[in-house]
Amino acid sequence: MRRIYLDNAATTPVDPDVLRAMTLYFSENYGNASSLHREGQDARRAIEDSRRIIAKFLGCKPEEIVFTGSGTESNNAVLKGLAFSELGKKKNHIIATTIEHHAILEPCEFLEKQGFKTTILKVDSNGLIDLKELDRNITDQTLLVSIMHGNNEIGTLQNIEEIGRICKKKNTLFHTDAVQTFGKYDINVKKMNLDFLTASAHKIYGPKGVGLLYIKQDLKNKIEPLLHGGGHEFGLRSSTENVAGIVGFAKAVSICEKRMRNDAESIKKLRDKLIGGILKIEKSRLNGHPTLRLYNNANFSFQGIEGESLIMHLDMAGIAASTGSACSTKDLRPSHVLTAIGLDHVTAHGSLRLTLGRSTTQDDIDYAIKTVDDIAKNLRKISPFK
Ligand SMILES: Cc1ncc(COP(=O)(O)O)c(C=O)c1O
């Protein structure tokens, strides 16, 4: 049976050109980048070339890119790393938002237990933070503001440039989790006044298990490493480098750079058709901002329908979809993002996230709309929520 993959926010397939670029570093060029011989130096060159490609893409210096094992690791590295190096000093306050990924919220909870104070800013019904509230909450104790760029569940895009301006004015450090926007939108870390940025390769047709943390040059000595050891990645992330993964990440970025405008236009057009079609279904609503949202994201709630059942029936009909974040699919509590935008528990349980990618076609969208409609009708007949 034909499969339609509408879960590109969870992960994307590795681009064939990325895979080709990586293969060489599993086979012929297997050297350890720390070795002095030719095999090692070939690996080192591949890593540094990759670093340059990605740095150019972000508008920063190559030395400001630290390769990590994931977006989760980068988020942990910046929050805990900064907090540990500031331990016992003046600044002990961190600001985040209610709709951050668990890889931000959990480190915040952990740091609270270590004596740090956190302010978790609320968002409005579209998922946007109040910039004035952010401004008001920054004090001279504030060590870091960490606010995501694009939300992985509802797609809402925050005004990162303005947040950057506020943090600069208030002399506070600013980190953004850009896992869902990196490679999809123009991001220039200098123009956006970013001190730290997190990205992950597997969301942009690169391999799983590779991430990066942009750290502004003069702040590198303010981050206590999570991993101590051989001093790799400027002493900030000891571990023998994942050469093939890093090469794949850079290749994925080069492809994004070339395709960025086309992808954005064509995927948005299909996504808008999807939203239009699904909203014709009885008692459906769109979650997240109507316009300030990731161009590949659609998130709906259906009254009287249980999201998990919808996903299972869609899967049987050949469609891969999700109720929200892939990381919390085993968690039966409603999504913290949907409750943060004010959805009651029943409505939040009836959610469906469809995220498009490069391979999505008009036929896929037509089929998805019709299938969701059919399944919703059938599920409503047997729903205990009626
Ligand atoms: C916004 C956001 N942050 C962080 C992560 C974690 O990234 P990784 O899967 O590379 O650990 C994800 C993954 O879904 C995400 O969507």
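In the predicted model, strands S6 and S7 pair in the parallel sense over three bridges. Within this pairing, His 175 stands opposite Phe 196 in S7. On its other pairing, S7 is joined to S8 by five bridges, and these two strands run antiparallel. Phe 196 takes part here too, with Ile 215 as its bridge partner in S8. Strand S7 is mostly covered, five of its five residues being buried. Phe 196, Thr 198 and Ser 200 lie on one side and Leu 197 and Ala 199 on the other, so that both faces of the strand are covered. In a regular strand the side chains alternate between the two faces of the sheet.

These strands belong to an open sheet of seven strands, with the order S2-S8-S7-S6-S5-S3-S4 and mixed pairing. Strand S2 (65–68) and strand S4 (117–121) form the edges, each pairing on one side only. From one strand to the next, the twist averages 20°. Strand S3 (residues 93–97) and strand S5 (residues 142–146) run parallel and are joined by three bridges; Ile 94 stands opposite Leu 144 in S5. Helix H2 (residues 38–58) packs on the sheet, where it touches S2, strand S7 (196–200) and strand S8 (211–215). The direction of H2 makes about 120° with that of S2.

The count of aromatic pairs comes to five. In one of them, Phe 57 and Phe 182 have ring centres 5.4 Å apart and planes at 90°, so the pair is edge-to-face. Phe 57 lies in helix H2 and Phe 182 in the loop between strand S6 (173–177) and S7, and the pair thus links distant parts of the chain, 125 residues apart. Phe 57 has 11% relative accessibility and counts as buried, and Phe 182 counts as buried at 1%. The ring of Phe 182 also pairs with that of Phe 249, with the centres 6.0 Å apart and the planes at 75°; this arrangement is therefore edge-to-face. This second pair again links distant parts of the chain, as Phe 249 is in helix H7, 67 residues from Phe 182. Both Phe 182 and Phe 249 are buried. Ring pairs link Phe 57, Phe 67, Phe 182 and Phe 249 into a cluster.

Two lysine side chains are placed over phenylalanine rings. The charged end of Lys 80 sits over the ring of Phe 110, at 5.1 Å from its centre. For Lys 220, the charged end sits over the ring of Phe 234, 3.6 Å from the ring centre. Ser 85 lies in helix H3 (residues 71–86). With 18% relative accessibility, Ser 85 counts as buried because the cut-off is under 20%. Apart from neighbours within four places in sequence, Ser 85 is in contact with Lys 222, Ile 223 and Glu 224.

Helix H11 (residues 362–382) has 21 residues and spans 31 Å from its first C-alpha to its last, close to the 30 Å expected at 1.5 Å a residue. Its buried residues are Asp 364, Ile 365, Ala 368, Ile 369, Thr 371, Val 372, Ile 375, Ala 376, Leu 379 and Arg 380. An α-helix has 3.6 residues a turn, so residues three or four places apart point the same way.

Conventions: Residues are numbered from 1 along each chain as its sequence is written. This is a predicted model: local features need pLDDT of at least 70, side-chain atom pairs count only at pLDDT 80 or more; totals for chains, interfaces and linings use all residues. Side-chain values use heavy atoms; hydrogens and water are left out. Helices (H or I, at least four residues) and strands (E, at least two) are DSSP runs, numbered from the N terminus. The expected span of a helix is 1.5 Å times one less than its number of residues. Buried means under 20% relative accessible area, exposed over 50%, partly exposed in between (1.4 Å probe, protein chains only). Two strands pair if DSSP finds at least two bridges between them. Axes are lines fitted to C-alpha atoms, for helices over the stretch in contact, and angles run from 0 to 180 degrees between N-to-C directions. Contact means heavy atoms within 4.5 Å. Rings of Phe, Tyr and Trp (its six-membered ring) pair if their centres lie within 6.5 Å; planes under 30 degrees apart count as stacked, over 60 as edge-to-face and the rest as tilted. A charge sits over a ring if NZ of Lys or CZ of Arg is within 6 Å of the ring centre and within 35 degrees of the ring normal.
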